[in-house]
Structure formats: C-alpha cells, structure tokens
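Here's a quick tour of a single model, with the sequence and coordinates to follow along.

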Amino acid sequence: MSKTALVIIAEGSEEIESIVTADVLRRAGVKVTVAGLQGSDPEKCSRDVVILPDVSFQDALKQTYDAVILPGGLGGAESFAKSPLVKDILQAQEKNGGLIAAICAAPIALKSHSIATGKKLTCHPCKQAELSTGEYTYLEDRVVVDGNLITSRGPGTAMEFALSVVKYLVGEEKANSLAGPMLFDGKIV
C-alpha cells in the first residue's frame, strides 16, 4: 500500500515549495493530495503563480495521511496559523505519530497551534525570532528532522526538504534513486 501525503496550499503559499514537494513525492510513488485551504478553486501563490488544488481542504479532511505538509510563503503560513481546521489536522497527525513537515514561514503554524513543542526545527530567517522563544530548539540547518517532524528554511532548500520527506516515508534507497536522475547533489537528511 502506497504512502499518502497532504500538501495544503492557500493564497500566498510559496509555489516552489508547494510544487517541488508534491512533484518529488509523486516521483517516489507517494499518493499526494494538494488541498486548497479556501476551497478547490485555483490558489494564487506568493509570486502570482496559480495552482489548481486536487480538492478542497474540507474534502481532504475525509481521510488520514501518512504526512501533512505545509509549504511556506508568508500569506499561506499566516492562513495556516489562523485556521482551526489546520490546527485540528496537525493535532490529529501529532497524536497519531504521523509525519508533519513545514518549510519556510510555515513553522509559525506549528507554534500557533502548539504542535511539536520541545522539538528541534528550522524556518526562514524572517521567522527565526518567533520560533526561538523557548518552545523549540531552533537550528540553522537547511533541513531539520526530529522524529516525526521535518522542517526546512525556504525555496532554495525545497529539493532537500522534499527528498527528506521521501526518505522518511519510503526509505533512503528510494530518495537516493530519485536524487541522481534529478541531478540533485545536496544532502538528504
């Protein structure tokens, strides 16, 4: 049975982080659902790229996932941080021991919803002060894996982030088998 992942997007989400993550996971055989927080209509991302979600977030909530992934982009991250439905899915994912992955500004949603407290994480430097206040151990690594939490810094680390999620879900061998053909020569955490 293949692994499943939910990538949530909202207006202002970072398109590189959203698309690279969904693409790499699909290459790995993970069944990825891209869900629009505001519905199933196209979402305008942070650089005016428009992404058509597979489903609305409301419809996506009808099942569980091996991974719940939050791309960054300040507008999207702020929407995740304010959403009671995002809080619900993150709390359920944490309770069930499922993977939670957040990149760039999206870890602010973890703090907003009291998710993964006490763990190591990273984020975009513009949000470092918010996440260095004691609930977390903040690191400046490009990708940080702490148990069932994977975080990363921004668009330039999206490939490493995505391959680290693949490694967690499907295994190191699969992550390495994807890295070569994609000409990726960075570190898979």
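## Cysteines, sheet and cavity

Let's start with sulfur: across the whole structure, a search turns up zero disulfides. Cys-45, for one, is in no disulfide, and the nearest cysteine sulfur, that of Cys-104, sits 12 Å away. Keep in mind that this is a predicted model.

What about Cys-123 and its closest cysteine sulfur, in Cys-126? Those sulfurs are 7.1 Å apart, which is too far for a bond, because a disulfide needs the pair within 2.5 Å. Are Cys-45 and Cys-123 buried or exposed? Cys-45 counts as buried because its relative accessibility is 4%, and Cys-123 counts as buried too, at 0%.

Now for the sheet. Seven strands make up an open sheet with mixed pairing, in the order S5-S2-S1-S6-S7-S11-S10. Strands S5 (55–56) and S10 (143–146) are the edges, each pairing on one side only. Helix H7 (residues 158–170) packs on this sheet and touches S6, S7, S10 and strand S11 (149–152). The direction of H7 makes about 175° with that of S7.

Here are some of the strand pairings:

| Strand pair | Sense | Bridges |
|---|---|---|
| S2 (residues 31–36) and S5 | parallel | two bridges |
| S1 (residues 4–9) and S6 | parallel | three bridges |
| S6 and S7 (residues 99–103) | parallel | four bridges |
| S7 and S11 | parallel | four bridges |
| S10 and S11 | antiparallel | four bridges |

You can walk across the sheet residue by residue. Gly-36 stands opposite Ser-56 in S5. Further along, Ala-5 faces Ala-67 in S6. Then Asp-146 stands opposite Leu-149 in S11.

S10 and S11 form a hairpin with two residues between them. In that turn, Gly-147 has a positive phi of about 65°.

How do the side chains of S6 and S11 sort themselves out? In S6 (residues 67–70), Ala-67 and Ile-69 point one way while Val-68 and Leu-70 point the other, and all are buried. S11 is covered on both faces as well: Leu-149 and Thr-151 are buried on one side, and Ile-150 and Ser-152 are buried on the other.

Over in strand S2 you'll find Thr-33. Thr-33 counts as buried because its relative accessibility is 10%, and the cut-off for buried is under 20%. What does Thr-33 touch, leaving aside its neighbours within four places in sequence? Thr-33 is in contact with Ala-5, Leu-6, Val-7, Asp-54, Val-55 and Tyr-65.

Last stop, the empty space. Rolling a probe the size of a water molecule over the atoms shows where space is left. How many cavities of 30 Å³ or more does a search of the whole structure find? The search finds one, and the largest cavity holds about 30 Å³ of space. Its lining is made up of Glu-94, Gly-98, Ile-100, Ile-115, Ala-116, Asn-148 and Leu-149.

How values were computed: Residues numbered from 1 in each chain as written. Predicted model: local features only at pLDDT ≥ 70, side-chain atom pairs only at ≥ 80, totals over all residues. Heavy atoms only, no water. Buried < 20%, exposed > 50% of the residue type's maximum accessible area, 1.4 Å probe, protein only. Pairing = 2+ DSSP bridges. Contact = heavy atoms within 4.5 Å. Axes fitted to C-alpha atoms, helices over the stretch in contact; angles between N-to-C directions. 1 Å grid on protein atoms, 1.4 Å probe; cavity = no way out; pocket = protein on both sides within 12 Å on 5 of 7 lines; lining within 4 Å. Points joined across faces, edges and corners; volume = space filled by probe spheres on them.
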